[in-house]
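Biologist: I have the sequence and the model open, and I would like to go through some of it with you. Could we start with a single residue and then move on?
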Amino acid sequence: MRVNGIETAGYAVTGYMAGKTKRSVTSGSMDFMETLTQKSDSVVERYKREHPEDASHVDAQVRAGKSVVAKNGVENISRKDMTMEEYKSFIHGLLNSIPFDSTRIFDREIVSISDDGWKQMKNNRDYEAWVLGYTVGNRSVRNPFFGWPGASANLCVERFGASIEEHIGQSVSTSPSGSKPANKKNEKSWWEKRHARMEELIAEQVEKSMAQRALEYKI
């Protein structure tokens, strides 16, 4: 289902998005003042001051994120009027609108955002745009081994916190590790340990998602 141009992809369509558009759309001047207030204490601006070598790249990510918002026609919707659950559904819809490169069609991605991360995004349009813009760039990366015999998809886990510094991205191949040579010691390799840790992260994410759905539907 699409709401205001955003594909919800299974996420509940909130009353906010479906029936409260008049209350949520602000004037251009109000949105401008909100942006000015955020600029003064933006974690994005602070990161650029502390890492000037990355400033141009971060600016490009923020622009890409704002482009996602503009393409979906929701740049004038006030986040402050949303509940946190409404905001999460809103952002998931925006994330679902960002495509993967054609060589990544079999990849799986898990996006995890901490509670503090959600709060930072909701109150800071630049940080929201950075998360979206990072996702645009990450999903646009081509897989140079796509179509090769034996090549497999990747599993990607992206964890976002309340600042750029807290972001952690991990990616592992979903191909089986294969049998070990007979002369190798019977101990886990670094790659196997990393793969095992990734499975733990997936299990944690699935458990958290199931618990959240249980609360939503009062199971």
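Biologist: Is R104 buried or exposed?
Modeller: R104 is buried, because its relative accessible area is 7%, and buried means under 20% relative accessible area, exposed over 50% and partly exposed in between, with a 1.4 Å probe and protein chains only. Please keep in mind that this is a predicted model, in which local features need pLDDT of at least 70 and side-chain atom pairs count only at pLDDT 80 or more, while totals for chains, interfaces and linings use all residues. Residues are numbered from 1 along each chain as its sequence is written, and side-chain values use heavy atoms, with hydrogens and water left out.
Biologist: Where is R104 placed, and which residues is R104 in contact with?
Modeller: R104 lies in the loop between α6 (84-96) and β3 (108-113), where helices (H or I, at least four residues) and strands (E, at least two) are DSSP runs numbered from the N terminus. If neighbours within four places in sequence are left aside, R104 is in contact (heavy atoms within 4.5 Å) with N138, R139, V141, N143 and C156.
Biologist: Which residues lie nearest the centre of the second largest pocket?
Modeller: R104 is one of them, together with D107, V141, N154 and S171, and the lining has 14 residues. On a 1 Å grid over the protein atoms alone, a pocket is an open set of points where a 1.4 Å probe fits, with protein on both sides within 12 Å along at least five of seven lines, and lining residues have an atom within 4 Å of a point.
Biologist: Which strand gives the largest share of that lining?
Modeller: That is β4, with 3 residues, and both β4 and β5 (168-173) supply at least two residues each.
Biologist: New topic: how many aromatic pairs are there?
Modeller: The count comes to 7, where rings of Phe, Tyr and Trp (its six-membered ring) pair if their centres lie within 6.5 Å, and planes under 30 degrees apart count as stacked, over 60 as edge-to-face and the rest as tilted. One of them is Y87 with W118, an edge-to-face pair at 6.1 Å centre to centre, with 85 degrees between the planes. This pair joins helix α6 to helix α7 (residues 115-123), and the two residues are 31 residues apart.
Biologist: Is Y87 buried or exposed, and what about W118?
Modeller: Y87 counts as buried at 0% relative accessibility, and W118 also counts as buried, at 6%.
Biologist: Why is the pair of F106 and F146 stacked?
Modeller: The pair is stacked because the ring planes are at 25 degrees, with the centres 6.4 Å apart. F106 counts as exposed at 58% relative accessibility, whereas F146 counts as partly exposed at 37%.
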